[in-house]
Amino acid sequence: LSGKLIAGRNLEQLCTEIRTLANHGLCLPLVIGGGVQYDQLPAYADSFKVNGLRVTSDALIKEIVPVAIKNQYQVVQILKKFGVDAVAIPFEHINVKPHGTEYEVNRGLVDMGFVGNVTKVWTTYIRSLIGKGKVPILSHIGMFNNEFYNVNATDMARELILALEAKKLIIIGDTPILDKNGIIIKTLFS
């Protein structure tokens, strides 16, 4: 779920749709990205993207985490207002490893800082919530050695569906998902 979509009327429309699904027994976990909520953070102005990933400094991750928590709980609260039993999933349920470096033509090798790649999604709690008719809400933050890491929300969602052995992934965002050749991915196959 794009960070742009958790503001204003977009979120209200989404909550209506999620309520409809939940009322029919489909309690789908949501992964929330960042984005516009981070634009005003002081450390964000100094950051940049390499190959689609936001270089995340120590200063930036310290600013992102409180906003990510706020976004996660905002979504939980508005879903509850719409009659959906939503639960925030603690960051500790997503294990990551540091992404390391990326190569960019103009910069050479770039240390991505606190960018993580998901290594494990602890699904027991998530599955139990779904089994009880609750909607799990995950942020794009993972943990490595008790430190927070920024994870691309689409990558987080992919790892979540793989861990849950889900049959479908719904991406609600404002930018297309591209394959390695820059072609829009319209349908995923396993």
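The following questions and answers go through a predicted model of one protein.

Student: How many helices and strands are there in the protein?
Tutor: The protein has 190 residues, and 41% of them are buried. Its secondary structure comes to four helices and 11 strands.

Student: What percentage of the contacts between residues at least 6 apart in sequence join residues at least 24 apart?
Tutor: Contact here means heavy atoms within 4.5 Å. Taking the contacts between residues at least 6 apart in sequence, the share that joins residues at least 24 apart is 69%.

Student: What part of the accessible surface belongs to carbon and sulfur atoms?
Tutor: The accessible surface of the protein is about 10900 Å². The part of this surface that belongs to carbon and sulfur atoms is 54%.

Student: What distance does helix H2 reach from its first C-alpha to its last?
Tutor: Helix H2 covers residues 58-81, which is 24 residues. At 1.5 Å a residue, a span of 34 Å is expected. The value in the model is close to that, at 35 Å.

Student: Which residue just after H2 takes a positive phi?
Tutor: H2 ends at residue 81. Just after H2, a phi of about 85 degrees is found, and the residue that takes it is Gly83.

Student: Is Gln72 buried or exposed?
Tutor: Gln72 is in helix H2, where the buried residues also include Leu60, Ile64 and Val76. The cut-off for buried is under 20% relative accessible area. Because its relative accessibility is 3%, Gln72 counts as buried.

Student: Which residues is Gln72 in contact with, leaving aside its neighbours within four places in sequence?
Tutor: One stretch of the chain that Gln72 touches includes Ala88, Ile89 and Phe91. Gln72 also has a contact with Ile32.

Student: How many Å apart in space are Gln72 and Leu30?
Tutor: Along the sequence, Gln72 and Leu30 are 42 residues apart. From C-alpha to C-alpha, the distance between Gln72 and Leu30 is 9.7 Å.

Student: Where is Ser47, and which residues is it in contact with beyond its neighbours within four places in sequence?
Tutor: Ser47 is in the loop between strand S1 (30-31) and S2, and with 15% relative accessibility it counts as buried. The C-alpha atoms of Ser47 and Leu60 are separated by 8.0 Å, although these residues are 13 apart along the chain. Beyond its sequence neighbours, Ser47 is in contact with Arg54, Val55 and Leu60.

Student: Is Glu104 buried or exposed?
Tutor: Glu104 is in strand S6, residues 101-104. Apart from neighbours within four places in sequence, Glu104 is in contact with Lys49 and Val50. Its relative accessible area is 19%, and the cut-off is under 20%. Therefore Glu104 is buried.

Student: Where is Asn51, and what is its phi?
Tutor: Asn51 is in the loop between strand S2 (49-50) and strand S3 (53-54). Asn51 is exposed, because its relative accessible area is 52%. Most residues other than glycine have a negative phi. Asn51 is not a glycine, yet its phi is positive, at about 50 degrees.

Student: Is Asn145 buried or exposed?
Tutor: Asn145 lies in the loop between strand S10 (141-144) and strand S11 (147-150). Phi of Asn145 is positive, near 50 degrees, in a residue other than glycine. Its relative accessible area is 59%, where over 50% is the cut-off. So Asn145 is exposed.

Student: How are helices H3 and H4 placed relative to each other, roughly parallel or roughly perpendicular?
Tutor: The axes of H3 (residues 123-131) and H4 (residues 153-164) come within 11 Å and cross at roughly 80 degrees. Angles of 65 to 115 degrees count as roughly perpendicular. Therefore H3 is, relative to H4, roughly perpendicular.

Student: Which residues make the contact of H3 with H4?
Tutor: By class, this contact has four nonpolar, one polar and one charged residues. From H3 come Thr123, Ile126 and Arg127. From H4 come Leu160, Ala163 and Leu164.

Student: How is Arg158 classed by its relative accessibility?
Tutor: Arg158 is found in helix H4. Because its relative accessibility is 38%, Arg158 counts as partly exposed.

Terms used: Residues are numbered from 1 along each chain as its sequence is written. This is a predicted model: local features need pLDDT of at least 70, side-chain atom pairs count only at pLDDT 80 or more; totals for chains, interfaces and linings use all residues. Side-chain values use heavy atoms; hydrogens and water are left out. Helices (H or I, at least four residues) and strands (E, at least two) are DSSP runs, numbered from the N terminus. The expected span of a helix is 1.5 Å times one less than its number of residues. Buried means under 20% relative accessible area, exposed over 50%, partly exposed in between (1.4 Å probe, protein chains only). Accessible areas come from the Shrake-Rupley method with a 1.4 Å probe; for residues, only the protein chains shown count as cover. Axes are lines fitted to C-alpha atoms, for helices over the stretch in contact, and angles run from 0 to 180 degrees between N-to-C directions. Angles under 35 degrees count as roughly parallel, over 145 as roughly antiparallel, 65 to 115 as roughly perpendicular and the rest as oblique. Ala, Val, Leu, Ile, Met, Phe, Trp, Tyr, Cys and Pro count as nonpolar, Asp, Glu, Lys and Arg as charged, and the others, Gly among them, as polar.
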